Amino acid sequence: MAKPVRASKFRHIFGDRNVKSYNGVPISKNAHEQDFCSVNPKFVAVVAEQIGGGAFFVLKTDKIGGIDASSSKISKHNGAVYDIRWNPFNDNLIGSACDDGLIRLWNITDERGVEPNHSPVQTLKGHGKRVGGLLWHPSAENILASSSYDNTVKLWNAETAQIVSELSSFSNQITDMSFSADGSQLGATCKDKKLRVFDTHTGAVAVEGLGHDNMKVSRLCMLKDGNILTAGFSTMSSRCLRLYDPRNMSEKLEEQTIDSATGSLFPYYDPDLSLVYIAGKGDANIKFFEIVNQGIFYLNQHNTGDAQRGLGMMPKRGLDSSINEIARAYKLNVAKKLVNVIPLKVPRQSKMFADDLYMDTAGYVPALTAQQFIDGENSLPKLVPFLELQAASSTSKGFSATTVNGADNSKELAALKAEISALKNTVNEKLTVIENKTAKIEELQAENARLSEELSQAQEEIVELQKNGMEE
């Protein structure tokens, strides 16, 4: 991080000092290498410490404080919970990965939390050993990736519980996964030190190379420009970030040493702003980096007084643009049983909406159905203007184990589209009227100028005639 300081509008990102917190949360002390927290605009989910079986809490984002009746504890697991992930297109559907080799999907209602029977709406069976990680597809509905200690990654149609693709070739524990921007590829890091990129449809290895030359945990982010960012350890056990072009894995585009601490690094990538937030396990800070012109640039960091177990990051649609909040971290403090809420902001004097911070971003509507993905299609996420997305809410309530949802939501979506179309037609009609009136005004102004010129000439002629009459 000894690079020259680079001019950037994100140079002075800062986090609030007096943060709000959820208190009394028994956060898991399991040594498994996941961040144990997942967040969306409605809920915060945290893996919980529990003797016998496994559990996670679901807390409401609008009720920060102690655990109360509005908090749900989902504990119907036969082993420790290793990972939890909210569906990006449905704020009420969450998946949990478990030591018993199963993946469970839960519908969380806005009013009562978990469904009354406390049973998952779907269970995905197929891995031979514990499931260590989950990741939802960025643009296809209900496509879920899972990594297991059986050294495979499986892609599921979560609604039908069918395996649609399997990625193997791993010789050791898989430590992280990341989809490409359009979901056509999935990158994975492994304790065999290799970084692999797979075709998500065929399961074939598209790219393979050395990631970090150290067996400690490494992680990765597939960037929107096609490059790959990794976070791990060097040969000398220094923590570092590396940037690769997958077309040439033999050479690094960039390497930036962070420090010599021992905790693994969690990278959180913002594709809209090309920012990466780095949180180290056991650290008391969050570091900010910008990825520009195939380079990694350190910006700043937010320091806290206590060590963090992991972070959950709020999706862009849940941020507050009125305070120029570009990220919000939910920090897990195991020792004090706290989940600290840390808004990260860009300082601005103007109170106007900062459109350079809030461009179009991924919304609630998937670009592909699960079947379209299974049939081989790929697509970038559907982008929505930030203010429009902030005013919207997720209408989907997920699916059940016995029924397929979608009909009611399809009707509602069609009605909304028709309303939007009608509004657009009204706007176009008004614009046409304005254009016609503008043209008429311009015509009258031209006529007025012509008459003014004629009047001026007439006045000059009168003056001339008067002058000639006096001379006579």
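Colleague: Asp356 has a relative accessible area of 25%; into which class does that value put Asp356?
Modeller: By convention a residue is buried under 20% relative accessible area, exposed over 50%, and partly exposed in between, with a 1.4 Å probe and protein chains only, so Asp356 counts as partly exposed. Arg348, with a value of 33%, is partly exposed as well, and of the 472 residues of the chain 49% count as buried.

Colleague: Before going on, what kind of model is this, and how are its residues numbered?
Modeller: It is a predicted model, with residues numbered from 1 along each chain as its sequence is written, and its local features need pLDDT of at least 70, while side-chain atom pairs count only at pLDDT 80 or more. Totals for chains, interfaces and linings use all residues, and side-chain values use heavy atoms, with hydrogens and water left out.

Colleague: What is the mean pLDDT of the chain?
Modeller: The predictor's confidence in each residue is its pLDDT, which runs from 0 to 100; here the mean is 88, and 90% of the residues reach 70 or more. Over residues 394-398, however, the pLDDT is below 50, although this stretch has 21 contacts (heavy atoms within 4.5 Å) beyond near neighbours in sequence. The pLDDT also stays under 50 over residues 400-408, for which the model has six contacts beyond four places in sequence.

Colleague: How many salt bridges does the structure hold, and which residue pairs with Arg348?
Modeller: A salt bridge needs a side-chain nitrogen of Lys or Arg within 4 Å of a carboxyl oxygen of Asp or Glu, and the structure holds 27 of them. Arg348 is paired with Asp356, their closest N and O atoms being 2.8 Å apart. Elsewhere, salt bridges that share partners join Asp192, Lys194, Arg196 and Glu208 into one network.

Colleague: What does the pair of Lys316 and Asp272 tie together?
Modeller: These two form a salt bridge with their closest N and O atoms 3.2 Å apart. Helices (H or I, at least four residues) and strands (E, at least two) are DSSP runs numbered from the N terminus, and Lys316 lies in the loop between S28 and strand S29 (325-333), Asp272 in the loop between strand S24 (265-270) and S25, so the pair ties together parts that are 44 residues apart in sequence. Lys316 is buried at 13%, and Asp272 is buried at 18%.

Colleague: Where is Gln308 found, and is it buried or exposed?
Modeller: Gln308 sits in the loop between strand S27 (295-303) and strand S28 (311-313), and its relative accessible area of 3% makes it buried. A polar atom of the Gln308 side chain lies 2.9 Å from the backbone oxygen of Asn285. Beyond four places in sequence, the residues in contact with Gln308 include Ala279, Lys281 and Leu332.

Colleague: Which strand holds Ala279, and what does Ala279 touch?
Modeller: Ala279 belongs to strand S25 (residues 275-280) and is buried at 2% relative accessibility. Apart from neighbours within four places, its contacts include Phe266, Tyr268 and Gln308. Ala279 and Asp35 are 244 residues apart in sequence, yet 9.8 Å apart in space, C-alpha to C-alpha.

Colleague: How many helices and strands are there in the chain?
Modeller: There are three helices and 32 strands. Between strand S17 (185-190) and strand S18 (194-199), a loop holds Lys193, whose phi is near 75°, a positive value in a residue other than glycine.

Conventions
Polar contact = N/O pair within 3.5 Å; in protein donor to acceptor, adjacent residues only side chain to side chain.
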